[in-house]
Amino acid sequence: MGVGIADGRGEVHEVKEGDTAIVVDALRASATVAALLHAGANEVTPVAEVPPDGVGGAVLVGEREGETLEEAALGNSPTEVKERASEVSGADVVLRTTNGTNCVKRVERAKRVYMGSLVNLSSLVDSVERSVQDGDIWVVPAGRRGDVAQEDVYTANRILSRLIEKGYGAKSPETVTPESR
């Protein structure tokens, strides 16, 4: 079992069935998921598109191209979630974003998918360590509108470093440097 960084801006060939993917949209989607769970949401389901028949009894949170979805209760903002925590506490949440949840869709063949950010770094690594018994672990920076997002690459490398400190072996040297992006 090894760890590496896979480019999440297009098809993610590295992630196979049985692997674990950690999607990183550091400043928005990943941090918003952490904020939603901290605010008491029961679960957060990321979607690439809002289902045509709606989200049932769940609370819709999200944005498209940086604009809050018209039908959403909240935008893709950890600060907004913190300020309006009562709207998601005890609720199931559906999250739709331009970059992060689309990246989740691109790694859906993975056995487990996490969202990673600096705000949940320790709990993320602890959770991965407790639950991952097989397959490789891929940290996947989502990028921004098809471009590299340096904050995602930085965060992905921090997550990767923490996993390596825990004893997971790096897939190869070129997977651990932002220059390879």
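A salt bridge here is a side-chain nitrogen of Lys or Arg within 4 Å of a carboxyl oxygen of Asp or Glu. By that criterion the structure, a predicted model, holds 11 salt bridges. The stops below visit some of them.

**Stop 1: Arg84 and Glu87.** Select both residues and show their side chains. They meet in a salt bridge, with 2.7 Å from N to O. Arg84 is partly exposed, at a relative accessible area of 29%. Glu87 is partly exposed too, with a value of 35%.

**Stop 2: Asp134 and Lys111.** Next, select Asp134 together with Lys111. The two form a salt bridge whose closest N and O atoms are 3.4 Å apart. Asp134 sits in the loop between helix H4 (121-131) and strand E8 (137-141), while Lys111 belongs to the loop between helix H3 (100-106) and strand E7 (112-115), so the pair ties together parts 23 residues apart in sequence. Asp134 has 34% relative accessibility and counts as partly exposed.

Stop 3: Is Arg112 buried or exposed? At 15% relative accessibility, Arg112 counts as buried, because the cut-off for buried is under 20%.

**Stop 4: Glu49, Arg64 and Arg96.** Finally, select these three residues together. Salt bridges with shared partners join Glu49, Arg64 and Arg96 into one network.

Key. Residues are numbered from 1 along each chain as its sequence is written. This is a predicted model: local features need pLDDT of at least 70, side-chain atom pairs count only at pLDDT 80 or more; totals for chains, interfaces and linings use all residues. Side-chain values use heavy atoms; hydrogens and water are left out. Buried means under 20% relative accessible area, exposed over 50%, partly exposed in between (1.4 Å probe, protein chains only). Helices (H or I, at least four residues) and strands (E, at least two) are DSSP runs, numbered from the N terminus.
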